[in-house]
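Here's a quick briefing to read with the model open beside you.

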Amino acid sequence: MPSDAILIADGVHRHFAGVTAVDVEHVEIPRGRITALIGPNGAGKTTFFNLLTGFDRPQRGTWSFDGTPVQGLPPYRVARLGMVRTFQLTKVLGRLTVLDNMLLGSNRQPGERLRNALLGVVWKKQDRTDRERAREILARFKLDGKADDYAAGLSGGQRKLLEMARALMNEPTLVMLDEPMAGVNPALTQSLLGHIADLRERGMTVLFVEHDMHMVRNLADWVVVMAAGRIIAEGTPESVLSSEAVVDAYLGAHHDTDLRSLIEEDA
Amino acid sequence: MALALLLAVLAPAGAAHAAPGDDQWGFRGLVRDGERKPVTGAAVAVESDGEVVGTDVTDARGRWEILGLAGPGTYTVVVKTGGKTYEVEKELVRSGTTLPVQNLVMSTSDAPAVQASLGDKLAQRAVSGLNLGLLIAIAAIGLSLVFGTSRFTNFAHGENVTFGGIMGYVFASLAHLPLLLAAAAATVAGAAFGYLQDLGFWRPLRRKGVSLVTLMIASIGAALALRSLFQFLYGNGTRSLTREDWGTVRLGPVVMPATSYVAMGISVAVLVAVGVWLKRGRIGKATRAVANNPALAGASGIDVDRVTRIVWVLSGGLAALSGVLLGVFNQVSYDMGFNLLLLMFAAVILGGLGTAFGTLAGAIVVGLCTEILVLWIPADMKYVGGLAVLVAVLLVRPQGLFGRQARIG
Amino acid sequence: MDWILNSLREIITPTTAAYALAAIGLNIHFGFTGLVNFGQAGFVAIGGYGFAISVTQLGLSWPLAIAVTLLLAVGYALLLGIPTLRLRADYLAIVTIACAEIIRFTLNSSAFASVTGGANGLYNDYSGWITGANPYPQGLVHLGPWTFTSTDLWIATVDWAVVAVVAVGVFLLIRSPWGLVLKGIREDEHAMLSLGKNVNLHKLQALVMGGAIGALAGILYVQPTSVQPFDFASRMTFNMYTMLILGGAATVFGPILGSMIFWVVMRFTDELVNAGVDAGLLDNATQGSQLRFVLVGAALVLLVVFRPQGILGNRTELSFDAK
């Protein structure tokens, strides 16, 4: 069990029309580490993400982020606490420029309030700061050349990068990535991996959902396994990926996973 | 009214008759007895605020006419014959859609000229409401199926209803087909209209990959174009769909034209048929599968395009049938469908977007509310009742009575 | 030649100005925030009737009448927005058109005729505040090739001044971070939530602001004429969508240009119809005017499908169809 948890959830239960989607008794996400949330399709990973971030409401359950109870908060309040998520299907703001996408990532802009909108004095300074920071982050993600292009014109992988870059505008403490590698062309995979590892170096906590076991093994410090809405195992990648229960859960649900071969490699 | 006053339901005057000069406000009517024979020599007076503003005596065919009234307002039509007095309150409304002259058919068959009890009025209204609800359901199920299969809210669906009403009028009143045959012909025409809309318009747009909001805007454009075209071709008038008169039927306190009962029968039969088809039929099941998850349905070998096409044909046909029945229940006008559209939305939302069976229940609730509330709200605000129900439902239960919540992400 | 001159005269008429203003309001909803409001006519009706009734029935002074009217519009927007803004886009469309029709049916009803004038509407004895301040010489005023009555020209002047002030205000708002949040919401609400934006609050603010501008347009709309319930039919809203998409939704000046072109074309086709009636091709002018709205509807369809960015819109910005 991790000694210092940033996110602690207890008794989170969600069902849709009688079918249980999530039934998590207890889970803790270690601070400053990269945690992978894995499990077969339909295990409830995305639903759990939605619940934790306020996009969906559970029938019952409590959870806290950095000691603050979060359940019941609307998603934007959760995000403002420093718990930022991305989506499985990338959600870039297509008909806005890449730079505008980045500016919207910032939550320090007082000009976003209607009463300040016409008072340039109130928001111009923050605007300059945000633009500077946006360009810095874009440069890190090698998107600085695209700053003035419409986001809809980016490739799938660039969108993933932009979404991650945008999430960093607020200097979040916890970054939650829903399948960051899905639909990314292999050439970009390595750079994405590097960026995720870099988040940890910068002191952030990462929680990500992933199917690619290579990535889990290479990147994660801690692995949480879900199946049929429950958490069936957690631990270090080595211990979890060799667990019979995990293998059964995967093979029972879908057999095209590369888990078996991975474990044989290990042996 | 206990006196069987079939107001403007089966107006004796056809289109040619009901074309007075502009701004001629007034009433025109027919008085007849229990055997449906004209009553000659009955004294007719129109009163406003207790003052007589016009009088006439029925002619050999039982007809009378009082024109040249001051304008819109509430009038009392008083008929005296055989030592008895019959009264009815009637409103003349300037709505841009109805003629300033109203047709009234009055019968002496149900003589007691006393105030009906609230219970009787309620029963009468409830049956009308059921009738309205059923024909909203027929039209709305098409709307709901189209929404289900292509996630597209069609604001031009009301025009399909109007199309049916006008085709019904063309076949019944102009081509002099028997009413039932005219209804069938109009339904077929409506189905063809639906097919053509999908083929020539919506399918190319879907292929082009335009967004749903764009489709919605395109549908208001199409609605405006079609409605104005109907207005151009058909005119501003409000006409009876048919001159056929099947008489009235009395069931307890409820007096309705026989055609209304037939219409209800047809509605129920059609709704059951559609229901069974959706549950049992091969294409029907495919339709539900597409509504549940188009991508999955497509992947499992269902021809989504074909299903969508069939849904459009069905939707056009049902809407046209509904238009014919509405034309029999009320009258035919160029904006009859647009007025019904909002009640259809109310029904669809009440039942939960995209669920056919919910839509039926929603439609009946909306129909009943619309008709029953007329007991307490002015007749020219009739549709407000149904729309208010819509708004109220959204406040309390936005996913509808039978809807599900969707998942994000 | 007369036809063209008569048509071009529409560019500055009060009606064009009032429609432009209402379309600017609608643009805040649709163009910038992505809210599909099919009932802008309801806001305009609240504006026209609210002002007329405040002045003639309640005897309020005109600044107070404007304040009361705008408050009414704000209240109505809140009433519409709070239950529906968290739902899918089509719910808002349905509810706004339904509520606009409820308003029109109610205003049209003889039940409230003592206040609203029922189907006849209200006779214009409320525009003294504006006509009284007319600085132009009495009678006819010549402006280039066109002749206006002094009153019409004065009302048009006031109207366009209001349009200009509002347009500049909207321009500044849209350029601000607040405006950027609205555009972000238009693109993807969930993304905006995940970035910590209070989406519902911003949508409500947009709905209220666009609605209040619509009501202001209603006040202007009824000054030169009387108030008639039939004017506020759904057709009014659909005309505005045509203007908006013609001029360029999501641009600040698109609705103004759209309104000008719309009314010029309407007037021109009106002249055509009259010529058709004179030549015996059409039965009467009323019939012909229906035909014009067939064209408006068709134009709306073609524009939204083939040139969604309109005249002023950025081709690249709108060539990505929002899925």
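In this predicted model, C:Leu85 sits in the loop that links α4 (62–84) and α5 (89–108) of chain C. Is C:Leu85 buried or exposed? With a relative accessible area of 5%, C:Leu85 falls under the 20% cut-off, so it counts as buried.

**Around C:Leu85**
- Leaving aside residues up to four places away in sequence, C:Leu85 touches C:Leu35, C:Leu92, C:Asn200, C:Lys203, C:Leu204 and C:Leu207.
- C:Val199 is 114 residues from C:Leu85 along the sequence, yet their C-alpha atoms are 9.4 Å apart in space.

**Where chain C meets chain B**
- On the contact count, 52 residues of chain C pair up with 51 residues of chain B.
- About 4500 Å² is buried between chain C and chain B, and carbon and sulfur atoms account for 74% of that area.
- Polar contacts do turn up: three residue pairs across the interface of chain C and chain B, with both residues at pLDDT 80 or more.

**Annotated spans in chain C**
- An unreviewed UniProt entry lists several stretches of chain C as "transmembrane region", among them 62–85, 91–107, 243–269 and 289–306.
- Residues 289–306 of chain C are 100% helix and 0% strand, with the end C-alpha atoms 26 Å apart.
- For residues 243–269 of chain C, the figures are 78% helix and 0% strand, and the end C-alpha atoms lie 16 Å apart.

**Chain B**
- Chain B is split into domain 1 (25–115) and domain 2 (121–396).
- Taken over C-alpha atoms, the centres of domain 1 and domain 2 of chain B are 33 Å apart.
- The unreviewed UniProt entry gives "transmembrane region" for residues of chain B including 126–147 and 178–197.
- Residues 126–147 of chain B come out as 100% helix and 0% strand, and 29 Å separates the end C-alpha atoms.
- Residues 178–197 of chain B are 95% helix and 0% strand, with 28 Å between the end C-alpha atoms.

Terms used: Residues numbered from 1 in each chain as written. Chains lettered and ligands numbered in written order. Predicted model: local features only at pLDDT ≥ 70, side-chain atom pairs only at ≥ 80, totals over all residues. Heavy atoms only, no water. UniProt positions renumbered as here; feature names shortened; annotations may be inferred. Helix = DSSP H or I, 4+ residues; strand = E, 2+ residues; numbered from the N terminus. Buried < 20%, exposed > 50% of the residue type's maximum accessible area, 1.4 Å probe, protein only. Contact = heavy atoms within 4.5 Å. Domains from an automatic or database assignment. Buried area = accessible area lost by both parts, 1.4 Å probe. Polar contact = N/O pair within 3.5 Å; in protein donor to acceptor, adjacent residues only side chain to side chain.
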